[in-house]
Amino acid sequence: MARSRDDQEARYHRRREEEEQHAKKLPTEEEPELPPPVDPIQSDTEKVGRNDPCPCGSGKKYKKCCGRK
């Protein structure tokens, strides 16, 4: 029985040493460097309303022409 206790203690100490080595490898708790903020994409063209004439030149309302696509 003494042998199994010695084995358990040895495994316990090995495990503790492994955990300590692993903890040393972990990154520090400093804040990670974030990329610079990106400006949102904005369209230069004006939005077409549902009831506005279609920009394709058909003369129909946008919702009846190209708005269905």
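Colleague: Is Glu 18 buried, partly exposed or exposed?
Modeller: Glu 18 counts as partly exposed, at 46% relative accessibility. Keep in mind that this is a predicted model.

Colleague: Thanks! And which side chain does Glu 18 meet in a salt bridge?
Modeller: That would be Arg 15, with an N to O distance of 3.9 Å. The cut-off for a salt bridge is 4 Å, so this pair is counted.

Colleague: Where do Arg 15 and Glu 18 lie?
Modeller: Both are in helix α1, three residues apart, which is about one turn of the helix.

Colleague: What about Arg 15, how exposed is that one?
Modeller: Arg 15 is partly exposed, with a relative accessibility of 49%.

Colleague: Which other salt bridge does the side chain of Arg 15 take part in?
Modeller: Arg 15 also meets Glu 19 in a salt bridge, at 3.4 Å from N to O. These two lie in helix α1 as well, four residues apart, about one turn of the helix. Through shared partners, the salt bridges link Arg 15, Glu 18 and Glu 19 into one network.

Colleague: Nice. And what is the relative accessible area of Glu 19?
Modeller: For Glu 19 the value is 41%, so it is partly exposed.

Colleague: Why are Glu 9 and Arg 5 separated by about one helical turn?
Modeller: Because they are four residues apart in helix α1, which covers residues 2-25. Arg 5 is exposed, at 55% relative accessibility, while Glu 9 is partly exposed, at 36%.

Colleague: In general, what can side chains of opposite charge do when their charged atoms come close?
Modeller: They can pair.

Colleague: Changing topic: which residues form the positive surface patch?
Modeller: The patch is made up of Lys 60, Lys 61, Lys 64 and Arg 68.

Colleague: Where is Lys 61 placed?
Modeller: Lys 61 sits in the segment after α1. With a relative accessible area of 41%, Lys 61 is partly exposed.

Colleague: Are Cys 56 and Cys 66 buried, partly exposed or exposed?
Modeller: Cys 56 is partly exposed, with a relative accessible area of 49%. Cys 66 is partly exposed too, at 22%.

Colleague: Let's zoom out. How many helices and strands does the protein have?
Modeller: The secondary structure comes to one helix and zero strands.

Colleague: And what share of the protein do buried residues make up?
Modeller: Of the 69 residues in the protein, 1% are buried.

Colleague: Last one: what does the accessible surface come to, and how much of it belongs to carbon and sulfur atoms?
Modeller: The accessible surface is about 7600 Å², and 49% of that belongs to carbon and sulfur atoms.

Key. Residues numbered from 1 in each chain as written. Predicted model: local features only at pLDDT ≥ 70, side-chain atom pairs only at ≥ 80, totals over all residues. Heavy atoms only, no water. Buried < 20%, exposed > 50% of the residue type's maximum accessible area, 1.4 Å probe, protein only. Patch = residues over 30% accessible without salt bridge, like charges linked within 9 Å, V, L, I, M, F, W, Y side chains within 5 Å. Areas by Shrake-Rupley, 256 points an atom, 1.4 Å probe, with all protein chains shown as cover. Lys, Arg positive; Asp, Glu negative; His and termini not counted. Charge placed at Lys NZ, Arg CZ, Asp CG, Glu CD.
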